Amino acid sequence: MLRRKNAVPIRSAHIRESFGDRVFLVSVYLLLTIVLLVILYPLVFVVSSSFSSPLAVSSGRVWLWPVDFSLRGYQVAFSNPQIVTGYANSLYYTVFGTLISVVCTVLVAYSLSRRLLWGRGAIMFFIVFTMLFSGGLIPTYLVVKNLGMLDTRWALLIPQAVAPFQVIIARTFFMVTIPDELAEAAALDGCSDLKFLWNVVLPLSKPIIAVLVLMYAIFQWNAYFDALMYLKSDALQPLQLVLRGILILNTFASGTMDPEVMAQRRLLADLLKYTLIVVGSVPVLIIYPFAQRYFVKGMLLGSIKG
Amino acid sequence: MIESETVLDTSAALGQSGVRPLSSVRQITSQRHLAMKSLRRHWQLYLITLPALLYFIVFRYIPMANAVIAFKDYNVVKGIWGSPWAGLKHFELFFNNPVFWTLLKNTLSLSLYALVVGFPLPILLALCLNEVRDGLFKRLVQSVTYAPYFISTVVMVSMIILVLSARLGVVNQGLGALGFNTINFLGDPNLFASIYVWSGVWQTSGYAAIVYLAALSGIDPALYEAAKVDGASRFDKIRHVDLPGIMPVAVIILILTVGNLLSIGFEKVYLLQNPLNQGASEIIATYVYKMGLLNANYSFATAVGLFNSVVNLILLVLVNTFARRVSDVGLW
């Protein structure tokens, strides 16, 4: 609508959509509606199933809406110690992993955004090159092993700490938002680099920190492979790994050999799967509205570099 | 400013002795001078790059050095540097192994399938969204389409398994209701690639479209006006204004995708694998994982992984050069 203001008023106001254009537009709307439904249906189906009764799910009566609304699935899910531990572990890894990652990323990205820094091009290349070539799975595993990190919490916090892509978008942000003149002026006033960073840059960096936090947090919450590779003890397993065990490998902590309990359990098995899917995605679902705004900004920043 | 000061100093000093400074001497001196000056003045900034740099050295570059075990017979006791050399033995073993061709075929066909389907669709989605007026519908479609991106791989694969389950899956239920036979989707090797690719499209198209939407929003409005004045229909506008506008971004993404052709996402394939579809689902990355970590065949697995990385690098360079030649756009 902005361009209307600048265009010649009379002409723009009277250019009508041709018939062909209107057909085109209708088909676009149609296509988008189909896409919307295709994406939406599985999500709605899964959530509905999770709120249905065990019997309804097992007999396949659920199509779109919950059948025989019941919270049974959630009851069972949250009373399972494996799942509760998994949740706690995932929260731990997400909070601390994100903290470590964001701090390291912001520090290096800010430094690299200062044009006065000699060698910044080389350092940037050093970092970005790792996006193009890597040593591979086993060599990285050996490093973690030789550092004694196997089967410790550190194995999930450090080996994936800094993502080159995040460094790129953070650096772009700093280059655009904190002009060198500002830093130089502060330096003239006797302000050290670090003080400047802490007192001036950080308060101005809320948008990019939000993007970094979101991207790293989502990555941490959803990750399972590093845990699969590096962890052995059950007590350290993040939620995704627990879910994998139950949902994909079909193992389920069975405490009893009581046939009745086991029969009940079989009935619950299908419902439980849907419930666990929802349970495993809850934090993501909560953050999603906030993520929306900032992610689009993040992609905009990233595509500037692109 | 600083550079000219240095030059003046040098030439002043040398001028006194009557010798004309060589320009190269001038450059070397001012470069080193710049470096020392920068280090001294901004030592704090250099300091704070250390955590990240240390990370990259330890967890990205040292593994590259460790990859040397691909040319050795790695012995856990002797360590990386103490293990005896084995030359190209592991590579030969790998290339001569009949499974090599299966792995290559599976990996490549999966990647290419994903590329052919997954590359144009987000562009199409972005173009469509761009045509729609801003409002509730547009925001709804946007929000919904990129929601699936945030679902974890484990949850995503679980959904696939549940929805496509031969016994209770919604799809098979629907087929049954319409009178068709149920299909064992996940046990059929021929369907593996399609399941993998289309579920990937479902999950990531909305998110990928954002990049293109961002690019589209950066197109000069004057171009649209010119098109309208020239009597362009919406379709023409897309062809002549929108598409050229997003081409740079599209090319970059294409380069990155092709450059990763052999490194197709391990996580999802691994979870979708089962003994029934293994003929089609065993890819290079899963093979490396099984050989290396599960069978502790470290040197061999590293050789395979190295092969993977090197081919990717070559592909990246090739595609980037080609893209540069054809469209002036490239990664570097």
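Which helices of chain A and chain B have axes that come within 9 Å and cross at roughly 15°? The legends below begin with that pair. This is a predicted model, in which local features need pLDDT of at least 70, side-chain atom pairs count only at pLDDT 80 or more, and totals for chains, interfaces and linings use all residues. Residues are numbered from 1 along each chain as its sequence is written, while chains are lettered from A and ligands numbered from 1 in the order in which they are written.

**View 1. Helix H15 of chain A meets helix H9 of chain B.** The pair is H15 (residues 239-248) of chain A and H9 (residues 153-164) of chain B; helices here are DSSP runs of H or I with at least four residues, numbered from the N terminus. Axes are lines fitted to C-alpha atoms over the stretch in contact, with angles from 0 to 180 degrees between N-to-C directions. The crossing angle makes H15(A) roughly parallel to H9(B), a label for angles under 35 degrees. H15(A) passes H9(B) in a left-handed crossing, meaning that the near helix is turned anticlockwise from the far one by less than a right angle. On H15(A), look for Gln240(A), Leu243(A), Arg244(A), Leu247(A) and Ile248(A); on H9(B), find Val154(B), Val155(B), Val157(B), Ser158(B) and Ile161(B).

**View 2. The contact between chain A and chain B.** Chain A brings 76 residues and chain B brings 77 residues, where contact means C-beta atoms, placed from the backbone, within 7 Å. Helix H3 (residues 19-50) of chain A gives the most to chain A's side, with 15 residues. That side has 51 nonpolar, 18 polar and 7 charged residues. Nonpolar covers Ala, Val, Leu, Ile, Met, Phe, Trp, Tyr, Cys and Pro, charged covers Asp, Glu, Lys and Arg, and the others, Gly among them, are polar.

**View 3. The two domains of chain B.** Domain 1 spans 2-13 + 22-74 and domain 2 spans 89-327, with bounds from an automatic or database domain assignment. Their centres, taken over C-alpha atoms, are separated by 39 Å. Here 6 residues of domain 1 of chain B touch 6 residues of domain 2 of chain B.

**View 4. Confidence along chain B.** Mean pLDDT, the predictor's confidence in each residue from 0 to 100, is 83 for chain B, and 91% of its residues reach 70 or more. Within chain B, confidence is lowest in helix H1 (residues 2-16), at a mean of 42, and highest in helix H3 (residues 43-66), at 92.

How values were computed:
Two residues are in contact if their C-beta atoms, placed from the backbone, lie within 7 Å. Helices (H or I, at least four residues) and strands (E, at least two) are DSSP runs, numbered from the N terminus. Angles under 35 degrees count as roughly parallel, over 145 as roughly antiparallel, 65 to 115 as roughly perpendicular and the rest as oblique.
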